[in-house]
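Subject: Structure handover

Hello,

The structure you asked about is below, with the sequence. My notes on what was found in it follow.

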Amino acid sequence: MSTNSIDSLLHETRRFAPDPEFAANAIATADLYERAAVDPDAFWAEQARELLHWHRPFDEVLDWSNPPFAKWFADGRINVAYNCLDRHVLAGNGDRVAFHWEGEPGDSRTITYAELTAEVKKAANLLTSLGIRQGDRVAIYLPMIPEAVIAMLAIARIGAVHSVVFGGFSAESLRARIDDAAAKLVITADGGWRKGKVFPLKNAVDAALAADPSTGSGTESTVKNVLVVRRGENTVDWVEGRDLWWHDEIALMDPEHDAQPFEAENPLFILYTSGTTGKPKGILHTSGGYLTHTAFTHKNVFDLHPETDVYWCTADVGWITGHSYVVYGPLANGATQVLYEGTPDTPHPGRWWELIQKYGVTIFYTAPTAIRSFMKSGRQIPQQFDLSSLRLLGSVGEPINPEAWIWYREIIGGGTTPVVDTWWQTETGGIMISALPGVTEAKPGSAQVPLPGISVDVVNDDGSPVGHGNGGLLVVTKPWPGMLRGIWGDPERFKETYWEKFGDKYFAGDGARFDDDGDIWLLGRVDDVLNVSGHRLSTAEIESALVSHPWVAEAAVVGASDETTGQAVVAFVIVKASQADVATADEASAQLRAHVSEQIGAIARPRQIFIVSELPKTRSGKIMRRLLRDVAEGREIGDTTTLADTSVMQIISDKLK
Ligand code: PRX
């Protein structure tokens, strides 16, 4: 297809009907919607029984007697790791590949289900030998190596709780998460490969755990041991008595380990995500409901045929997508996956496509930001590779613009693959809104319809439904199995953030619109949460990082639209008078960008920092970010009449000219 015809599709409202051949073999069928509509609880109970092994079957399905704290399958007992490992081996599928792992420098490892099970058993024994028990929290700070998955499953296997911290986060961010969850153990690596170099991780753990106010909290941490996987071969410091090499310890372990059943509501993991305040929220997920939701959605949305498919989700295990659609959903379903350590463009810009060709990937799940950056580099790169094995493509993390959707289908999917745009959140645990391949007629740019068993609506500020053809706020109207069970240690914040606004409906924080057909279009966050390359950041978190720098008197952060990353961080900073003479605006902004990177991590580094003398505020002192966004996006400045001082925006825009 020529560029012109692709461009013309930008403005089209065409639908892509399911290919009849695909539909004939599709896992999902249209009757799922009807069955789920009749009795959603019974529908989920059926999925839980069909997709998972219960050590003790449940009778109770949903307990919503104490909203918003849901319990699913509460009298059932289950072991999540057993479901992802042992039962596949016992069913005779031990030789099936679980992971084709590829390191960035080109080393690789193939791990079968039998091998993965054996590794996890040893790791579970190791955790137990280190004193980790049911309910204890373990932090994971690892690159995308098999040990990341092994560690998560070993923690789940013994009923403990993991808190995976993305390897790109700083020592400060890591420490804050360790402290909040009072983790006893950290599992890390010496370093990992990224962009052709080893990036150190162990030294960030050392800095995080030091009782030093500039890095740690100034007090001793709760961590007793640090387990270190050897990957980068970089030199590391060693704290005797605390630090242990993973490979030394694993070698000593008994290869046998019996998976004990735990209650369905046993906590499985905490994953921190940004909210509207500076302090990240520890989103809590539990076992039986979460695994039911991820297994069901993974199977049906990705049309998984585990005997023949090779599935690749490019997300890092440090994010919810990595938890639900690299680890739990796919492994519960016995999928064969690709796991890749590095960046898409190392050592060459076609690395991802080369991996698809090498492993014959059939199902591919990635983020719009990646697709847009590939579009920019041009189709000639993917076209050098044989991508004909692909039969289904997925997208997640932010709205996918129709232009990128079409490019994805045409250039990566050969013009034939279904594309599923999946809307969900760290809090929802699994996919909530998506087309079902083989069933739904696809509409580029729209996430489309709630999955069977999921009830969503778009409402006005007062909670009344907007109806077709209108926009408003996205809500979930009924509890669902994968829903968060709370915010770690802060039940009040859980209620306030998601439930206070509408009482009985979950407020997602996203704007959305129903089109005339009733399909849902996501419109981005309505709160002070930014979405940069599909990663969530809060304006308050970046502002507090900025004001922690001695030069900064005040800071305001906004998300400005960006062609590749969706949104970009743009900061407006007032520098203290005493510093104004010492540094030029360029120097100050370079220093402050580096400071944010150190404080939070490189993903939060502002694209631009404007040094200004005033910030626009209302009479009650609230910063009017809407006006700053106008400046950051180069638009005409909107209505300024509610400002305390209406001349401020003039001063700011004059200064930036
Ligand atoms: O704004 C929505 C956006 O990402 C937010 C959730 O971010 P996070 O918890 O980090 O989880 C990302 C991966 C599931 C949502 O509130 N978002 C996610 N998927 C989509 C999306 N926006 C539009 N379309 C999507 N498919």
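Predicted model: local features only at pLDDT ≥ 70, side-chain atom pairs only at ≥ 80, totals over all residues.

Strand 18, residues 363–366, is buried along its length: Ile363 and Tyr365 point one way, Phe364 and Thr366 the other, and all are buried.

Strand 18 has a parallel partner in strand 16 (residues 310–313), to which three bridges join it. In that pairing Tyr311 stands opposite Ile363. Strand 18 also pairs with strand 19 (residues 392–396), again in the parallel sense, over four bridges. There Ile363 stands opposite Leu392. Between strand 18 and strand 19 the chain passes through helix 15 (residues 368–377), and this β-α-β crossover is right-handed.

Annotated sites

UniProt, in an unreviewed entry, gives the feature "binding site" at Arg194, Lys195, Gly196, Lys197, Thr321 and Ser533. These positions span 340 residues of sequence and are also spread in space, with up to 25.1 Å between C-alpha atoms. Two of them are described here.

- Lys195 sits in the loop between strand 9 (191–194) and strand 10 (197–200). Lys195 counts as exposed because there are 11 other C-beta atoms within 10 Å, and the cut-off for exposed is 12 or fewer. Apart from neighbours within four places in sequence, Lys195 is in contact with Thr343 and Thr346.
- Thr321 belongs to helix 13 (residues 320–332). Thr321 is buried, since 24 other C-beta atoms lie within 10 Å and 20 or more are required. With neighbours within four places in sequence left aside, the contacts of Thr321 are Cys313, Ala315 and Val396. Of these contacts, Cys313 falls within the range of strand 16 (residues 310–313) and Val396 within that of strand 19 (residues 392–396).

A further "binding site" annotation, also from an unreviewed UniProt entry, covers Val547, His549 and Val552.

- His549 is placed in the loop between helix 18 (539–547) and strand 28 (552–562). Is His549 buried or exposed? His549 is buried, because 20 other C-beta atoms lie within 10 Å, which just meets the cut-off of 20 or more. Not counting residues up to four places away in sequence, His549 touches Leu592 and His595.
- Val552 lies in strand 28. Val552 is buried too, with 22 other C-beta atoms within 10 Å. Beyond its neighbours within four places in sequence, Val552 is in contact with Leu546, Val547, Val573, Val575 and Leu592.

Ligand surroundings

Which residues come nearest to the ligand? Of the 21 residues around the ligand, they are Trp423, Gln425, Thr426, Leu522 and Arg536. Helix 13, strand 20 (419–422), strand 24 (506–514) and strand 25 (520–525) each supply at least two residues of the shell. Strand 24 gives the most, with three residues. Helix 13, one of these contributors, is also the helix that holds Thr321.

Helix 16

Helix 16 (residues 402–412) is mostly covered, with eight of its 11 residues buried. The buried residues are Ala404, Trp405, Ile406, Trp407, Tyr408, Arg409, Ile411 and Ile412. In an α-helix there are 3.6 residues a turn, so residues three or four places apart point the same way. Just after helix 16, Gly414 takes a positive phi of about 60 degrees.

The protein is divided into domain 1 (455–525) and domain 2 (533–656). The centres of domain 1 and domain 2, taken over C-alpha atoms, are separated by 29 Å.

Gly638 is found in the loop between helix 21 (625–632) and helix 22 (648–656). Gly638 is exposed, because 12 other C-beta atoms lie within 10 Å and exposed means 12 or fewer. Leaving aside neighbours within four places in sequence, Gly638 is in contact with Arg626, Leu627 and Asp630. From Gly638 to Leu627 it is 11 residues in sequence and 6.3 Å in space, C-alpha to C-alpha.

Regards

Definitions and conventions:
Residues numbered from 1 in each chain as written. Contact = placed C-beta atoms within 7 Å. Domains from an automatic or database assignment. Pairing = 2+ DSSP bridges. Right-handed = clockwise from strand over helix to strand, strands pointing away. UniProt positions renumbered as here; feature names shortened; annotations may be inferred. Near = placed C-beta within 6 Å.
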